[in-house]
Amino acid sequence: MIKTSSCIFTFFLLICFFVVVAFGGTFDQEFDVTWGYGRVKILENGQLLTLSLDRSSGSGFKSKQQYMFAKIDMKIKLVPGNSAGTATTYYLSSVGSAHDEIDFEFLGNVSGEPYTLHTNVYAQGKGDREQQFHLWFDPTKDFHTYSILWNPRNIIFLVDGTPIRQYKNLEATNGIPYPKNQPMWLYSSLWNAEEWATRGGLVRTDWSKAPFIASYRNFNAQTSKNPTANSWLTQSLDNVGLTRMKWVQKNYMIYNYCTDTKRFPQGFPHECTLN
């Protein structure tokens with residue numbers, strides 16, 4: 001599905017010519033609580049983290065280290081039941097007015113209606129590259145893996161290993177900004193977004209259902225002090241991956257900025273014809 005560097009198979013073992021520094025410690029080792037301190041719980045000897053939202057406050061956490069290109073995986077179980085008005089975010093971001101950012105945002109809904117998975121890419125302070133999806137499963141029933149692969153070639157968003165979006169680095173050939181110079185922290189939060197999250201704010205949060213809780217497991221980050229040795233730094237989608245991504249986009253994409261004629265009456269952003 002994803003093109004990688006060469007590997008040698010030797011008697012049931014896969015030996016790959018790269019050295020990966022993988023960060024997958026406990027949540028208390030890898031993250032700091034950034035807000036809503038009493039609403040963040042680290043359980044099961046650091047293997048489980050939960051965020052909570054009530055009428056007074058949400059909560060969030062941030063990685064203790066920055067990443068300069070990485071393959072990030074996190075298992076998340078979203079707020080169950082009536083989650084309208086809530087937003088669970090999971091994203092990489094640098095700081096400053098010209099910041100870079102790679103976003104997963106999960107927008108809640110009333111019971112029985114699907115979550116909206118919102119994605120965006122900021123480069124040098126400019127975003128407005130939204131794509132939104134429904135999921136092909138109930139993300140509140142169990143943990144699912146949400147991954148960001150960010151390397152010099154492209155950014156790939158994956159859900160349970162299935163690519164849903166690819167944003168290519170076209171800066172050198174077409175002048176389109178790409179996140180490539182600024183290290184980023186990993187953030188996650190659960191907060192009140194009832195002004196816009198569900199049907200543009202038409203459906204508000206039912207605070208009688210609070211506290212709302214999102215759960216996290218199995219954080220893993222692949223990075224390295226020797227970038228030339230890591231296969232994920234050269235990964236891009238092969239034909240199988242592209243086919244799977246197109247299947248998701250055909251059946252589950254509900255918004256694409258590259259087809260929004262009302263928003264861009266003078267023509268779509270340049271990357272829309274190239275990505």
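The exercises below, each with a worked solution, concern a predicted model.

Local features need pLDDT of at least 70 and side-chain atom pairs count only at pLDDT 80 or more, while totals for chains, interfaces and linings use all residues. Residues are numbered from 1 along each chain as its sequence is written, and side-chain values use heavy atoms, leaving out hydrogens and water.

**Exercise 1. Check the length of helix α3 and determine which residues of α3 are buried and which are exposed.**

Step 1. Helices (H or I, at least four residues) and strands (E, at least two) are DSSP runs, numbered from the N terminus. The expected span of a helix is 1.5 Å times one less than its number of residues. For the 14 residues of α3 (239-252) this gives 20 Å, and the end C-alpha atoms are 20 Å apart, which agrees.

Step 2. Buried means under 20% relative accessible area, exposed over 50% and partly exposed in between (1.4 Å probe, protein chains only). G241, M245 and V248 are buried. Seen down the axis of α3, the buried residues fall within an arc of 60 degrees, so they line one face of the helix; the arc is taken from the directions from the helix axis to the C-beta atoms.

Step 3. N239, T243, K246 and K250 are exposed on the other side of α3. The buried residues pack against β13 (131-133), β16 (162-168), β19 (236-237) and β20 (253-256), where contact means heavy atoms within 4.5 Å.

**Exercise 2. Describe the surroundings of W150.**

Step 1. W150 belongs to strand β14 (residues 144-150). Its relative accessibility is 0%, so W150 counts as buried.

Step 2. W150 and W232 are 82 residues apart in sequence and 8.5 Å apart in space, C-alpha to C-alpha.

Step 3. The side chain of W150 reaches the backbone oxygen of P179 at 3.0 Å. A polar contact is a pair of N or O atoms within 3.5 Å; within protein, one must be able to donate a hydrogen and the other to accept it, and residues adjacent in sequence count only if both atoms are side-chain atoms.

**Exercise 3. Classify the ring pair of W136 and W247.**

Step 1. Rings of Phe, Tyr and Trp (its six-membered ring) pair if their centres lie within 6.5 Å; planes under 30 degrees apart count as stacked, over 60 as edge-to-face and the rest as tilted. The whole structure holds 17 aromatic pairs.

Step 2. One of them is F69 and W150, with ring centres 4.9 Å apart and planes at 55 degrees, so this pair is tilted.

Step 3. For W136 and W247 the centres are 6.1 Å apart and the planes at 70 degrees, so the pair is edge-to-face. W136 lies in the loop between β13 and β14 and W247 in helix α3, 111 residues apart.

How values were computed. Lists of a residue's contacts leave out its neighbours within four places in sequence.
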